[in-house]
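Keep the model open while you read.

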Amino acid sequence: MDKNAVEEKNRLGIQMVMTGEYDKALALFEEALKDAGEDKDLQAQCLINIGDWYRRVKGDMETAKAVFESADHLAVCKITKCRILAMQAMAHIYPTQTGQDDPKGIRENMRLLREAQETAAAAVKEARLVEQLAFHRLAGTICDWGTREKQAEFLPELLAFRAELTFDSAARARLDACEAVIIKDDDPRRAVELLGQGAKRLWD
């Protein structure tokens, strides 16, 4: 399975929908789904496009909702789940958009979009935590085994990354310790201060 090839077929299919080549677009989406192999999240992305085709091109909300539901059972990535929720919301607002009185659809649209927003926020938070962990480990490797030149080169990046962290966070305390290691020869007093304030954050 070539993930890039599947993603390219999905991208071309979306372009074809935009240019009115609807049958070719659906054929590409279905081919992409077939080529997605055992990658569940990739399958879900293909199904999103197929469901949206039924919503946008055919105006068939029941089929669209069913396809989106199938995608939801497959999706692993929170971003993919956000896309599904947003598409489900669009299917529920369709009657209102076409002039029908559907207050229930409006309420469901708002509920799904709120869930999408909250899911996206959770994904961002998780990604940030993973980023902090990776950066801390990178900093540790550079402090422990990097050359003096590498440490000096890395220091501005460390300071910029740390500045974005909450002052009393454990992640910031760990980076204080890394800075202390880097500057200990040039500014031992400041290094001791950093170790002290880092310890205080960790234990308070």
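Predicted model: local features only at pLDDT ≥ 70, side-chain atom pairs only at ≥ 80, totals over all residues.

Start with Glu-115, which counts as partly exposed at 33% relative accessibility. On this scale, buried means under 20% relative accessible area, exposed means over 50%, and partly exposed lies in between (1.4 Å probe, protein chains only). Glu-115 lies in helix α6.

Residues are numbered from 1 along each chain as its sequence is written, and side-chain values use heavy atoms, with hydrogens and water left out.

**Leu-113**

Leu-113 also has its place in helix α6, residues 103-145. Helices here are DSSP runs (H or I, at least four residues), numbered from the N terminus. Leu-113 is partly exposed, with a relative accessible area of 38%. It is in contact with Ala-86 and Ala-89, leaving aside neighbours within four places in sequence. Contact means heavy atoms within 4.5 Å. Val-181 is another matter: 68 residues along the chain from Leu-113, with 47 Å between the C-alpha atoms.

**Helix packing**

Axes are lines fitted to C-alpha atoms, over the stretch in contact, and angles run from 0 to 180 degrees between N-to-C directions.

| Helix pair | Axis distance | Angle |
|---|---|---|
| α3 (residues 40-58) and α5 (residues 78-97) | 10 Å apart | about 15° |
| α6 and α8 (residues 170-183) | within 10 Å | roughly 15° |
| α4 (residues 61-74) and α5 | within 10 Å | roughly 165° |

Angles under 35 degrees count as roughly parallel, over 145 as roughly antiparallel, 65 to 115 as roughly perpendicular and the rest as oblique. Take α3 and α5, packed at about 15° with axes 10 Å apart. That angle makes α3 roughly parallel to α5. Their crossing is left-handed. A crossing is left-handed if the near helix is turned anticlockwise from the far one by less than a right angle, and right-handed if clockwise. From α3, the contact residues include Asp-41, Ile-48 and Arg-55; from α5, they include Thr-80, Met-87 and Tyr-94. By class, this contact has seven nonpolar, three polar and four charged residues. Ala, Val, Leu, Ile, Met, Phe, Trp, Tyr, Cys and Pro count as nonpolar, Asp, Glu, Lys and Arg as charged, and the others, Gly among them, as polar.

How do α4 and α5 run? They cross at roughly 165°. The two helices are therefore roughly antiparallel to each other. This crossing is left-handed. The contact is made by α4 residues including Met-61, Phe-68 and Asp-72, and by α5 residues including Lys-81, Ile-84 and His-92. Its residues divide into seven nonpolar, two polar and four charged.

Next come α6 and α8, whose axes cross at roughly 15°. They are therefore roughly parallel to each other. α6 passes α8 in a left-handed crossing. Among the contact residues are Phe-135, His-136 and Ala-139 of α6, with Leu-175, Cys-178 and Val-181 of α8. This contact divides into eight nonpolar, three polar and one charged.

**Leu-175 and Arg-162**

Not counting residues up to four places away in sequence, it touches Phe-135, His-136, Ala-139, Leu-158, Phe-161, Arg-162 and Leu-165.

Arg-162 sits in helix α7, residues 148-163. It is buried, with a relative accessible area of 9%. Leu-175 and Arg-162 are 13 residues apart in sequence and 6.7 Å apart in space, C-alpha to C-alpha. Beyond its neighbours within four places in sequence, Arg-162 is in contact with Arg-172, Leu-175, Asp-176, Glu-179 and Leu-194.

**Aromatic pairs**

Rings of Phe, Tyr and Trp (its six-membered ring) pair if their centres lie within 6.5 Å; planes under 30 degrees apart count as stacked, over 60 as edge-to-face and the rest as tilted. The count comes to three aromatic pairs. The rings of Trp-53 and Tyr-54 have their centres 5.1 Å apart and their planes at 85°, so this pair is edge-to-face. Trp-53 is buried, at 4% relative accessible area. Tyr-54 counts as partly exposed, at 22%. Ring pairs also link Phe-135, Phe-154 and Phe-161 into a cluster.
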